[in-house]
Amino acid sequence: MKAAIIGGGVIGGGWAARFLLNGWDVAVADPDPEAERKINEVLAGARRSLPAVYDRALPAEGTLSFCALEDACAGADWVQESVPERLDIKHAVLDRVNAAAPDSAVIASSTSGFKPSELTAQGARCIVAHPFNPVYLLPLIELVGDVPAGAADMLRGVGFSPLHVRKEIDAHIADRFLEAVWREALWLVKDGIATTEEIDEAIRMGFGLRWAQMGLFETYRVAGGEAGMKHFMAQFGPALQWPWTKLMDVPEFTDELVDLIAGQSDAQSGHLSIRELERLRDDNLVGILRSLKRTNAAAGGVIAAHEASLPQPIASSEALPITQDRVIPQTWTDYNGHMNEAHYLELGAAATDRFMEMIGADAAYIAEGLSYFTTENHLQYLDEMHAGDRVRVSTQVLEGGPKKMHLFHRMMSPAGEVAATMETFLLHVDLGTRRSAPARADVAEALAAFGQAHAGMPRPEGAGRYVGQRG
């Protein structure tokens with residue numbers, strides 16, 4: 001698959017990173033002589049952040065090229081226009097894109113304000129696909145217009161969550177909320193009620209945390225207590241008549257107001273460069289997204305669904321199966337700058353879970369009331385691993401029986417060296433009685449097949465010295 005990115009600024013660079021890190025070839029067209037440098041700086045942030053959200057490896061990167069618009073569009077499956085928000089510029093660019101792109105290509109604009117009818121007024125073919133910054137991490141895409149069949153699925157394939165806007169409207173959906181909050185914030189600063197920092201604190205220490213997981217209406221439904229939304233609206237509905245906000249008015253955009261806000265903003269975070277702020281933002285987003293993924297909530301549900309579509313290693317009893325292939329997230333590192341010891345255990349436990357799936361002891365098996373319980377582990381730390389490193393785990397069956405499973409995991413660095421090992425001993429359990437019980441016949445047979453295949457392989461030195469002594 002090929003994506004053409006027309007305009008390589010912050011948004012265009014984010015689109016390029018999202019497609020590229022999901023295995024697409026990407027061609028960027030931008031007359032800015034600094035475009036390649038800027039795109040590569042965005043890519044550096046994306047390579048650090050996006051793979052860290054997932055517990056499986058993303059596809060191998062596609063190829064990145066920089067070329068003229070017509071060459072970028074040739075053979076493209078998706079063309080994303082992200083040029084400045086001026087209608088005359090967009091019309092001129094879209095005319096060229098329509099002449100150069102295949103008829104089968106999806107042609108989309110990143111515009112945050114223009115409607116598709118405005119973009120296509122001169123005959124160009126185009127929909128709106130409006131993303132949110134950073135495009136390589138945030139899943140929401142607002143689709144507006146006559147969206148071609150399959151376009152939403154293409155976006156889901158690279159981890160987006162498409163939202164089809166039912167009717168054309170200025171600024172679509174999400175930006176209308178942002179504009180309302182922005183207007184009110186300008187008034188609060190202009191009138192001397194709050195500084196930029198105090199407003200940001202009010203958001204990030206309060207309702208911003210709720211919105212990340214529940215949005216607006218679900219948050220207020222909970223606020224209504226057991227009676228739900230009707231009680232909330234009955235209690236707070238009258239406040240809609242009170243002159244609390246100035247959403248329909250805008251403060252005069254004077255040089256004095258700009259200087260006031262810019263000065264407060266510099267005092268708030270001017271000690272950090274934009275790149276440092278981007279890295280801080282992305283690290284926090286990775287942590288939030290991974291937390292939401294654990295509960296399959298909000299944006300985390302999108303990540304979980306995309307992760308489930310990524311390939312798992314093929315189960316084979318003829319060689320040591322790869323039971324984990326992923327990138328180490330920043331959240332796994334500690335004050336020493338390397339992967340914390342606790343997460344080696346987490347990685348090994350995930351490898352055990354994957355091996356259980358390989359032999360048929362998967363979620364459906366556990367739902368039937370059967371599973372494996374870990375009784376003992378032994379970890380050896382042999383080398384450092386760091387955030388961004390791709391780690392692969394191989395699993396060897398040392399012993400398998402109707403009621404027990406003895407595994408040896410090797411955690412391998414990007415260079416293929418063994419960075420750590422984890423030996424683990426498990427008992428098969430009936431979840432109803434919470435006591436040891438024989439595994440189902442097909443699971444026992446699959447485990448035995450792996451055990452027989454691995455019996456001829458070298459046994460790890462010292463294996464069994466610590467683990468399974470009570471088995």
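User: Before we start, what should I keep in mind about the numbering and the model?

Analyst: Residues are numbered from 1 along each chain as its sequence is written, and side-chain values use heavy atoms, with hydrogens and water left out. The model is predicted, so local features need pLDDT of at least 70 and side-chain atom pairs count only at pLDDT 80 or more, while totals for chains, interfaces and linings use all residues.

User: Thanks! Why is F160 called buried?

Analyst: Buried means under 20% relative accessible area, exposed over 50%, and partly exposed in between, with a 1.4 Å probe and protein chains only. F160 has 2% relative accessibility, so F160 counts as buried. You will find F160 in the loop between α6 (151-156) and β8 (161-164).

User: What is F160 in contact with, leaving aside its neighbours within four places in sequence?

Analyst: Contact means heavy atoms within 4.5 Å. On that basis F160 is in contact with W15, R18, V135, L138, P139, I141, L155 and V302.

User: Why does H91 count as buried?

Analyst: The relative accessible area of H91 is 12%, so H91 is buried. H91 sits in helix α4 (residues 87-100). Not counting residues up to four places away in sequence, H91 touches E118, L119 and Q122.

User: And why does R434 count as exposed?

Analyst: R434 has 54% relative accessibility, so R434 counts as exposed. The place of R434 is in the loop between β13 (418-430) and β14 (435-436).

User: What makes the phi of R434 worth a look?

Analyst: Most residues other than glycine have a negative phi, and most peptide bonds are trans. R434 has a positive phi of about 60° although it is not a glycine. A171, in the loop between β8 and α7 (174-190), also has a positive phi, near 70°, and is not a glycine.

User: Which peptide bond is cis, with omega near 0°?

Analyst: That is the bond from N133 to P134. P134 lies in the loop between β6 (127-130) and β7 (140-144).

User: What makes strand β9 largely enclosed by the rest of the structure?

Analyst: Six of the six residues of β9 (residues 322-327) are buried, so the strand is largely enclosed. As for the label, strands are DSSP runs of E of at least two residues, helices are runs of H or I of at least four, and both are numbered from the N terminus.

User: How do you know that β9 and β11 pair?

Analyst: Two strands pair if DSSP finds at least two bridges between them. Five bridges join β9 to β11 (residues 390-400), so under that definition they pair, and they run antiparallel. Within this pairing, Q324 stands opposite V393 in β11.

User: What does β11 do with β12?

Analyst: Eight bridges join β11 to β12, and the two run antiparallel. They form a hairpin with three residues between them. The bridge partner of T395 in β12 is H409, and H409 in turn stands opposite M422 in β13. Strand β12 (residues 404-412) has eight of its nine residues buried, so β12 is largely enclosed by the rest of the structure.

User: What makes a set of residues a nonpolar core?

Analyst: A nonpolar core is a set of buried Ala, Val, Leu, Ile, Met, Phe, Trp, Tyr and Cys residues joined through side-chain atoms within 4.5 Å. The largest one here has 42 residues, and among those with the most contacts inside it are I5, W15 and W78. Helix α2 (residues 35-53) gives the largest share of this core, seven residues.

User: Last one: how much space lies in the second largest pocket, and what lines it?

Analyst: On a 1 Å grid over the protein atoms alone, a pocket is an open set of points where a 1.4 Å probe fits, with protein on both sides within 12 Å along at least five of seven lines; lining residues have an atom within 4 Å of a point. About 770 Å³ of space lies in the second largest pocket, a volume being the space filled by probe spheres set on the points, which are joined across faces, edges and corners. The lining has 33 residues, with D55, R56, E307, Q324 and A350 nearest the centre. The largest share of the lining, eight residues, comes from α14.
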